[in-house]
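Welcome! Here is a short tour for anyone meeting this protein for the first time. Have a look at the sequence and the model, then read on.

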Amino acid sequence: MVKKIIKMPDIGEGVAEAEIVEWHVKAGDVIAEDQLLAAVMTDKATVEVPSPVAGTVLQIGAEAGTVMAVGAMLVEIEVEGAGAEAGADDAPPPPPVQAVPPAPVKPTMPEKPVFSAVQPSNTIAHDKPLASPAVRALARELGVDLTQVQGSGPAGRITRDDLDHFTASGGSAQSSAYQRRDGTEQIKITGLRRKIAERMAKSSREVAHFSYVEEVDVTDLEILRSTLNTSHAERRGKLTVLPFILRALVVALRDFPQMNALYDEEAQVLTRHQAAHIGMATQTPSGLMVPVLHHAEAMDLWAMAAEITRLAGAAREGVAKREELSGSTITVTSLGDLGGLVTTPVINQPEVAIIGVNRIAIRPQWQENQFVPRKMMNLSSSFDHRMVDGYEAAAFIRRIRQLLEVPATLFIEV
């Protein structure tokens with residue numbers, strides 16, 4: 001028997017470290033060659049690391065959530081027959097060039113719980129009981145105190161069957177409306193969620209944010225959209241309002257190139273782009289991601305709609321390519337029907353502008369001596385005040401407003 005050290009691989013592109021997102025193995029596991037050891041994450045992608053050998057896992061290098069340098073010990077494996085001695089450089093081959101973005105992963109239960117002061121067991125625990133979020137939600141709905149339920153799952157985890165058995169056997173169910181609640185829950189922030197937190201804090205700390213809100217009458221735009229969908233949806237696909245907004249953004253950027261730019265603070269250089277590479281902030285099971293609609297200036301409404309759907313789906317399913325998640329020059333963010341009246345979006349560095357789309361609502365507007373119902377939408381946008389002046393930001397958003405309120409101008413080439 002010999003011991004082999006599997007090291008954190010060199011993922012490329014100058015990456016010097018990676019975070020362990022999830023372990024697929026633990027000490028004592030017998031593994032096969034090419035079996036996945038762990039998922040590790042860089043700033044851009046998550047990569048699955050396979051084992052180059054078969055054997056028994058002796059120890060893992062660190063807990064999930066730890067950031068490790070390239071070349072650090074990832075796993076130590078005991079291997080039968082000839083092999084490298086302990087400490088040898090046995091990093092697996094570099095991962096495929098086409099890595100995938102962080103995808104939702106099912107956390108494995110560590111041998112020792114990280115946050116629980118009491119070791120879990122199959123007896124009723126008087127600390128925080130182990131149960132999935134779905135079981136906890138059902139227990140709250142039923143008014144069941146989970147500390148009174150005996151779990152039959154691994155490490156004493158309470159399953160749905162355990163909860164059903166408890167209530168069927170006459171277990172007490174208090175009224176949840178007035179039930180006293182105590183205790184706390186600690187959640188270790190790892191993976192994409194931690195990266196998002198770091199980037200948002202960095203942007204807020206380094207960028208001189210200011211916001212500007214403009215009200216837009218999209219009544220005529222909605223009439224046009226409905227007409228196009230009635231005539232062409234079956235053959236060309238259905239249009240949402242977002243492609244129209246992106247088209248207005250593309251046209252407006254021709255007159256306001258300062259908005260379609262990246263600012264390198266260290267070099268003190270602003271790079272303006274003629275191409276419109278529009279980032280689209282997308283909520284995924286793993287957290288916020290920004291797939292990029294490259295060369296939006298070269299797309300018609302239906303091409304935009306199809307690409308928006310494709311990119312958002314790839315991001316949510318965790319299969320977007322690295323190049324589809326980078327290279328944006330300006331970002332649009334929207335919460336859809338949850339968009340509220342006003343938002344204050346955080347700039348996606350090193351960009352200098354972000355456009356926030358709020359929900360459409362019918363509001364009374366004064367026209368020709370009377371109030372009339374109109375479909376209104378706010379644009380809530382943020383700018384980097386170091387590169388963009390307030391007057392210029394207002395003029396830019398008002399240009400977008402003019403284009404959306406007279407939608408025929410979206411397609412007129414001057």
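What pLDDT does the protein average? This is a predicted model, and its average pLDDT is 84, with 84% of the residues scoring at least 70.

**Confidence**

- Among the elements, helix H7 (residues 390-405) has the highest confidence, at a mean of 98, while helix H1 (residues 133-142) has the lowest, at 80.
- Residues 83-88 have a pLDDT below 50, and this stretch makes 14 contacts in the model beyond near neighbours in sequence.
- Residues 94-126 are also below 50, and here the model shows 68 contacts beyond near neighbours in sequence.

**The nonpolar cores**

- The largest nonpolar core has 53 residues, and the members that touch the most others are Phe383 and Phe396.
- Helix H5 is the biggest giver to this core, supplying ten residues.
- Setting aside residues up to four places away in sequence, Phe396 touches Leu249, Ala252, Leu253, Phe256, Met259, Ile330, Ile355 and Phe383.
- There is also a second, separate core of 22 residues, whose members include Ile20, Val25, Val49 and Val53.
- As general background, nonpolar side chains in soluble globular proteins tend to be buried together.

**Helix H5**

- H5 covers residues 242-255, 14 residues in total, and spans 21 Å from its first C-alpha to its last, close to the expected 20 Å.
- Because twelve of its 14 residues are buried, H5 is largely enclosed by the rest of the structure.
- The buried residues of H5 include Leu242, Pro243, Phe244 and Arg247.
- Leu249, Ala252 and Leu253 are also buried in H5, and these three are among the residues that Phe396 touches.

**A four-stranded sheet**

- Four strands make an open, antiparallel sheet in the order E5-E4-E2-E7.
- Strand E5 (46-50) and strand E7 (67-69) are the edge strands; each has a single partner, so one side of each lacks a neighbour in the sheet.
- From one strand to the next, the twist averages 40°.
- Strand E2 (residues 17-23) pairs with strand E4 (residues 36-41) in the antiparallel sense over four bridges.
- Ile20 has Val40 in E4 as its bridge partner, and Ile20 also belongs to the second core.
- Helix H3 (residues 191-206) packs on this sheet, where it touches E2, E4 and E7; the direction of H3 makes about 140° with that of E2.

**Strand E8 and its partners**

- Five of the seven residues of strand E8 (residues 73-79) are buried, so E8 is largely enclosed by the rest of the structure.
- Strand E1 (residues 2-7) pairs with E8 in the antiparallel sense over six bridges.
- Strand E6 (residues 55-60) also runs antiparallel to E8, joined by four bridges.
- Val75 in E8 is the bridge partner of Ile6, and Ile60 stands opposite Val75 as well.

**A buried glutamate in a loop**

- Where is Glu324 found? Glu324 is in the loop between helix H6 (301-317) and strand E15 (330-334).
- Glu324 counts as buried because its relative accessibility is 11%, below the 20% cut-off.
- Beyond neighbours within four places in sequence, Glu324 is in contact with Val290, Pro291, Val292, His294, Arg310 and Leu311.

Key
Residues numbered from 1 in each chain as written. Heavy atoms only, no water. Helix = DSSP H or I, 4+ residues; strand = E, 2+ residues; numbered from the N terminus. Expected span 1.5 Å × (residues − 1). Buried < 20%, exposed > 50% of the residue type's maximum accessible area, 1.4 Å probe, protein only. Contact = heavy atoms within 4.5 Å. pLDDT = per-residue confidence, 0-100. Core = buried A, V, L, I, M, F, W, Y, C linked by side-chain atoms within 4.5 Å. Pairing = 2+ DSSP bridges. Axes fitted to C-alpha atoms, helices over the stretch in contact; angles between N-to-C directions.
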